[in-house]
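Below are some notes for a colleague on the fold, to be read alongside the sequence and the coordinates. They go from the sheet to its packing, and then to a few loop residues.

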Amino acid sequence: MINGLLHVLILDEQGGARAIDNSTELENWQPEHGKLWVHMDYSQADAVKWLADSNLLTDYELASLIADETRPRLTKVTNGSMLFLRGVNLNPAQSPEDMVSLRLFINENVIITTRKRRLLSVQDVVATFDDGNGPCSISELVCQLAQNLTSRMQGVIDSLDDTLDIFEDEIDEPSKGFDNQALAQMRRQTIALKRYLRPQKEALITLLNNKYKWLDEDDKARLNETTNMLIRFLEELDSSIERAQIIQQTIANQVSEQLNQRMYVMSVVAALFLPLGFLTGLLGVNVGGIPGTESPYAFSLFLIFLVVLTVGIGIYFKNKKWL
């Protein structure tokens, strides 16, 4: 088999599929043999060469299908349609917001899916054929792939929501240190997810609102549920972004309030001791004429005067409600 072709299946339209194991049988395939699904790794040169030789796509369309970066969208092409979708990255040691792209070329007889990194959603669909519960048509296959990609986002969305709950609890406990870096990382994840999910919603809505030869009307209800699920996830992401902003603003307000309280205390202390500093500085000039220099009680009386003055200033501040 050609290097880079991960799965080559002919659907039996009964929930099962037969695998093609050699390139000769693939080249001899005809539409009357059954619906063909080819799942390939577009980073492999041999797989790209096979796709180019199949004459299903023009050079421009092929370049779009194997581009390094893609935006979720639905595009009509010469021999069918191209659908670009994104799924959360659940591969080990990867970040979920680094979403994996799945590109599809679809017509009435053939569906070609391409990816670079492994997608568990595709593996799940392949596994259903072994049990005889797989998609019976290309329309069902596209709807199943879209549903799997979308439903796997649920865990990531719930995780973001749980993390926000923890942050909100930490705000109510000032004794605990708050991890601003973790909150910033969560906000970046949420924004990155929303960046791809919004155009993906538009692509699915476009798919629902237009007629395609390969899309059965009966499958549109299922596709509509997938679209509604995606809309709900977008609403939750919007809510998460707003909650994160409120948390960040609350933290900033708390820090500002603490700073203001400390500055207020320092200002009051400075105001209390300002007259005392003036008097001690005045009496410390060491020039003639300072009263009490000849009296042995002058220093004690001066201390008592300073205490009375401080208490008087404190009472004045209290009456003014500055304390």
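1. A residue is called buried here when its relative accessible area is under 20%. By that criterion six of the seven residues of strand 3 are buried, so this strand is largely enclosed by the rest of the structure. The model is a predicted one, and the points that follow should be read with that in mind.

2. The sheet is open and is built from seven strands in the order 2-1-3-7-6-5-4, with mixed pairing. Its edges are taken by strand 2 (17–19) and strand 4 (73–77), each of which has a single partner strand, so one side of each is left without a neighbour in the sheet. On average, neighbouring strands are turned by 20° against each other when direction is ignored.

3. How do the two pairings of strand 3 run, and over how many bridges? With strand 1, strand 3 pairs in the antiparallel sense over six bridges, and Leu-11 stands opposite Lys-35 of strand 3 in this arrangement. With strand 7, strand 3 pairs in the parallel sense, again over six bridges, and here Met-40 has Thr-114 of strand 7 as its bridge partner.

4. Further along the sheet, strand 5 (residues 80–87) runs antiparallel to strand 6 (residues 100–106), and seven bridges join the two; within this pair, Arg-86 stands opposite Ser-101 of strand 6. Strand 5 also pairs with strand 4 in the antiparallel sense, over five bridges, with Arg-73 standing opposite Phe-84 of strand 5. Strand 4 and strand 5 form a hairpin, with two residues between them. Strand 5 is mostly covered, since seven of its eight residues are buried.

5. Which helix packs on the sheet, touching strand 3, strand 5, strand 6 and strand 7? It is helix 5 (residues 138–151), and its direction makes about 25° with that of strand 7 (110–115). Residue contacts show part of this packing: leaving aside neighbours within four places in sequence, Ile-111 is in contact with residues including Ile-138, Leu-141, Val-142 and Leu-145, and the list for Ile-111 also includes Leu-36, Trp-37 and Val-38, together with Leu-104, Phe-105 and Ile-106.

6. The largest nonpolar core holds 52 residues, and the members that touch the most others are Trp-37, Leu-83 and Ile-111. At least two residues of this core come from each of strand 1 (5–11), strand 5, strand 6, helix 4 (120–130), helix 5, helix 6 (153–171), helix 7 (180–209) and helix 8 (220–283). Helix 7 gives the most, contributing nine residues. There is also a second, separate core of 24 residues, and among its members are Ile-10, Trp-50, Val-110 and Ile-112.

7. Are helix 7 and helix 8 roughly parallel or roughly antiparallel to each other? They pack at an angle of about 155°, with their axes 9 Å apart, and this angle makes helix 7 roughly antiparallel to helix 8, because angles over 145 degrees are counted in that class. The crossing of helix 7 and helix 8 is left-handed.

8. Glu-13, found in the loop between strand 1 and strand 2, has phi near 65°, a positive value in a residue other than glycine, and with 42% relative accessibility Glu-13 counts as partly exposed. Asn-55, in the loop between helix 2 (45–53) and helix 3 (59–65), likewise has a positive phi, near 60°, in a residue other than glycine; Asn-55 is exposed, its relative accessible area being 60%.

9. Once neighbours within four places in sequence are left aside, Asn-133 is in contact with Gly-15 and Thr-128. Computed from C-alpha to C-alpha in the model's coordinates, Asn-133 and Gln-44 are 30 Å apart in space, while 89 residues separate them in sequence.

Terms used
Residues numbered from 1 in each chain as written. Predicted model: local features only at pLDDT ≥ 70, side-chain atom pairs only at ≥ 80, totals over all residues. Heavy atoms only, no water. Pairing = 2+ DSSP bridges. Helix = DSSP H or I, 4+ residues; strand = E, 2+ residues; numbered from the N terminus. Axes fitted to C-alpha atoms, helices over the stretch in contact; angles between N-to-C directions. Contact = heavy atoms within 4.5 Å. Core = buried A, V, L, I, M, F, W, Y, C linked by side-chain atoms within 4.5 Å. Buried < 20%, exposed > 50% of the residue type's maximum accessible area, 1.4 Å probe, protein only. Parallel < 35°, antiparallel > 145°, perpendicular 65-115°, else oblique. Left-handed = near helix turned anticlockwise from the far one by under 90°.
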